[in-house]
Amino acid sequence: MSVPGSFSRKRFVDIREAESTTIAQALDRYEREVYIQKKCTRKEKTRIKVWSYSRYSSKSLVELRSSDLAVYRDARLA
């Protein structure tokens, strides 16, 4: 049985969790586990909400590409 993953610098990296975790789920977990522990600003909370409701929120962590971030950035700057 093969395990989904890839090889990075000659070592195996299991990507199953990243494949099954959406951006929205990762942000929700970050908010619950990390944000709550930090002295964060409202700006960070706003960024979490914006990304959670963006068109990228349903993508898995593996699907998000640097080109997605560039499109998002350009749209926000326009």
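Modeller: Start with a term: a residue is called buried when its relative accessible area is under 20%, and exposed when that area is over 50%. By that cut-off, 18% of the 78 residues of the chain are buried. Keep in mind that this is a predicted model.

Colleague: OK. What secondary structure does the chain have?

Modeller: There are 4 helices and 2 strands. Along the sequence the order is β-β-α-α-α-α.

Colleague: And the surface, how much of it belongs to carbon and sulfur atoms?

Modeller: The chain has an accessible surface of about 6500 Å², and carbon and sulfur atoms make up 53% of that. As for contacts, take those with a separation of 6 or more: 42% of them are between residues 24 or more positions apart.

Colleague: Which residues are in the largest nonpolar core?

Modeller: That core has 7 residues, namely Ile-23, Leu-27, Tyr-35, Ile-48, Trp-51, Tyr-56 and Tyr-72. At least two of the core residues come from helix 2, and at least two from helix 3. In soluble globular proteins, nonpolar side chains tend to be buried together.

Colleague: Where does Tyr-35 lie?

Modeller: Tyr-35 is in the loop that runs between helix 2 (23-33) and helix 3 (42-52). Its relative accessibility is 16%, so Tyr-35 counts as buried. The C-alpha atom of Tyr-35 is 8.2 Å from that of Lys-45, which is 10 residues away along the chain.

Colleague: What does Tyr-56 touch?

Modeller: Leaving out residues up to four places away in sequence, Tyr-56 touches Ile-23, Trp-51, Leu-64, Asp-68, Val-71 and Tyr-72. Among them, Ile-23, Trp-51 and Tyr-72 are also members of the core.

Colleague: Back to helix 3. Which of its residues are buried?

Modeller: Glu-44, Ile-48, Trp-51 and Ser-52. Looking down the axis of helix 3, these buried residues fall within an arc of 105°, so they line one face of the helix.

Colleague: What is on the other side of helix 3?

Modeller: Arg-42 and Lys-43 are there, and both are exposed.

Colleague: What covers the buried residues of helix 3?

Modeller: The cover includes helix 2 and helix 4 (66-77).

Colleague: Switching to charges. How many salt bridges does the structure hold?

Modeller: It holds 7. One of them pairs the side chains of Glu-17 and Arg-29, at 3.6 Å from N to O. Glu-17 is in helix 1 (residues 16-20) and Arg-29 is in helix 2, so this pair ties together parts that are 12 residues apart in sequence.

Colleague: Is Glu-17 buried or exposed?

Modeller: Glu-17 has a relative accessible area of 55%, so it is exposed. Arg-29, at 41% relative accessibility, counts as partly exposed.

Colleague: Where does Asp-68 lie, and what does it touch?

Modeller: Asp-68 lies in helix 4. Not counting residues up to four places away in sequence, Asp-68 touches Tyr-56, Lys-59 and Glu-63.

Colleague: Last one, Thr-21. Where is it found?

Modeller: Thr-21 is in the loop between helix 1 and helix 2. Its relative accessible area is 16%, so Thr-21 is buried.

Colleague: What does the side chain of Thr-21 reach?

Modeller: The backbone oxygen of Glu-17, at 2.7 Å. Apart from neighbours within four places in sequence, Thr-21 is in contact with Ala-26, Lys-59, Ser-60 and Leu-61. Lys-59 is also the salt-bridge partner of Asp-68.

Colleague: Thanks. That covers my list.

How values were computed:
Residues numbered from 1 in each chain as written. Predicted model: local features only at pLDDT ≥ 70, side-chain atom pairs only at ≥ 80, totals over all residues. Heavy atoms only, no water. Buried < 20%, exposed > 50% of the residue type's maximum accessible area, 1.4 Å probe, protein only. Contact = heavy atoms within 4.5 Å. Areas by Shrake-Rupley, 256 points an atom, 1.4 Å probe, with all protein chains shown as cover. Core = buried A, V, L, I, M, F, W, Y, C linked by side-chain atoms within 4.5 Å. Arc of directions from axis to C-beta. Salt bridge = Lys/Arg side-chain N within 4 Å of Asp/Glu carboxyl O. Polar contact = N/O pair within 3.5 Å; in protein donor to acceptor, adjacent residues only side chain to side chain.
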